[in-house]
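Q: I have a structure to read and want to learn how. Can we go through it feature by feature?

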Amino acid sequence: MTTALLEVEGLSKNFGGLQVSSDITLDLKAGDRCALIGPNGAGKTTFVNLVTGVLAPTAGTIRLEGQDVTTLSAEARVRRGLIRSFQVARLFRSMTVREHLELAVLERERKTFRLFASVRRMPGLADEVAGLLDAMGLTAAADTPVGTLAYGQQRLLEIALALALKPKVLILDEPAAGVPHSESHRILDALDRLPADLAVLMIEHDMDLVFRFARRIIVLAQGRLLCSGTAQEIAADPRVRDVYLGSRAHVQA
Amino acid sequence: MSAVATDRTRRETAGRRLRRAALDGAAVPVMAVLGLAAFWLFPNDLGLMTRIAATALYVLSLDLVLGFGGIATLGQAAMFGTGAYAAGIAAVNLVDEPITLLAIGGVAGGLIALVTGALILHARGLTLLMLTIAVVQIVQEVANKARDWTGGSDGLSGIDPAPVLGLFRFDLYGRTSYLFALAVLIVGYLVARRIVRSPFGLACRGVKEDPLRVAALGGSPKRYLVALYAVAGVFAGVAGALTAVTSGIVGLDSASFSWSAEALVMLVLGGTGRLYGAVIGTVAFMTIHHILASSDPFHWMLFIGLFLMAIVLFAPGGITSVLNGAGIERVFHRMKGGRA
């Protein structure tokens, strides 16, 4: 049995009297391709923020490779290989695509306190960045400031940034959000090329993408874990249909 | 149609970037040539020009902090003043070798920035602005109270540095002072440019745009900001020491709120985040200041104000944005009736 890379146990978060996450337990192993779904307001983003260290949980523990990281800061978790991408592309608008990837690689290698070295002459950096650009099909846009980049390309850069950090566990928060349906296959192609031993948890609304990508699906509703299983099991589960149809009927009413 | 438009904007930004890169590369040779030309052309204004060179280094330190780290500060004179007093006190009591004095000023400026930065840089925006003002006021008051060391409101005098490198004596006409200040400015500029292009500089630009995103890449935004503040403090301290060494006196106004604010005005005038903007802004502001103040001693402040308003209205990116072409394009665009 392989040990879990990420173990979440009894994770809860209250905002005052409001319980947005309650008693969530799950684990991710190397090579997992897992999707977390749930209707709006189910607490998916809160869950991501708890796991990545943006929010402190009210109760529960988070272990990364067997070590308790519950009290570590967000950046300390990143340095241990727990990486996330953002739902809305959060990039440095005036910096070019290349500069983003250079910064990510330099952060990973902890070389960002070199004051008198030249970024252009860091050994191996240019080659690694070129490789990442190529893998995501961003070579032609390398020297474009991100602010003028097409949205789909910004999403690809988000994934490239996460990869540049050489993650062990990768959390993708709606990687295809805002991308036209006709272009979401490019995101999926990029996801298919992720390193095989990586544990991936994807939060996504686009069910096509979820069913094509995930081998295990976890359903979250009202801050609780409703059920988990393969795509067929989830599609057939009446409780999942209730949660989705119930909330959708409510929205449309 | 939209593809054509994107293509055009891409070409325009590429052209602008090329011009910017050209300005970036030309900055040092241009600075050296113009600086030396001014030495021959205006032999009677060497005192003013020396002050301009030292001030440019000071404004450069503010550009590192504000233009590359996004730290809003009205307290940069705390580092300038500390460097000036440290060098001045050392010159009166300990050593008279000018380059050693600059080093003392740099260390003092860097240390005060490191300590105060670690205390205040958790704040951002207006809160941080208030805290930087508090720091410069405290430094000024300490200098005022420590009369035995600083001379208090009378100022610190009696700074009499030895010849530069043991060769070039500080003369009555200020020739050595000016050339020394110009050389220090150029060296400081080169070092600053090196830092801006380093991995550290890249990380600081990231923090300026989105600190949380930097944290998501594994960096600690506050550590970058404190380090940058300290590095810029070294530059400001050297600038203060340079002013002390070349002018022979240090006054309380070197650690004042208004001297901090003036640096900000000069930087905004030149344009932030480009380094050469700091130099251009300082030269423009102090030259105009000098000409107006001598031709119309009563109303010069008004004209300086009008000039600043014109810059903010027509070239919000400062003088350098006009040189880059962005400002001109904006004005043309407006004249054609389009929205900027």
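**Reading strands, a helix and a contact**

A: Start with one pair of residues: A:Ile217 stands opposite A:Gly229 in β10(A). This is a predicted model: local features need pLDDT of at least 70, side-chain atom pairs count only at pLDDT 80 or more, and totals for chains, interfaces and linings use all residues. Residues are numbered from 1 along each chain as its sequence is written, and chains are lettered from A and ligands numbered from 1 in the order in which they are written.

Q: How many bridges join β9(A) to β10(A)?

A: Strands of a sheet pair through backbone hydrogen bonds, either parallel or antiparallel. Two strands pair if DSSP finds at least two bridges between them. Helices (H or I, at least four residues) and strands (E, at least two) are DSSP runs, numbered from the N terminus. Here, five bridges join β9 (residues 216-221) of chain A to β10 (residues 224-229) of chain A, and the two run antiparallel. Their hairpin has two residues between the strands, and A:Gln222 takes a positive phi near 50°.

Q: Which strands are the edges of the open sheet?

A: The sheet has four strands, in the order β2-β1-β4-β5 (chain A), with antiparallel pairing. Its edge strands are β2 (18-29) and β5 (67-68) of chain A; each pairs on one side only. β4 (residues 59-64) of chain A meets β5(A) over two bridges. There, A:Leu64 stands opposite A:Gln67.

Q: Which residues does the contact take from each chain?

A: Two residues are in contact if their C-beta atoms, placed from the backbone, lie within 7 Å. Chain A gives 29 residues and chain B gives 23. On the chain A side, α3(A) gives the most, with seven residues.
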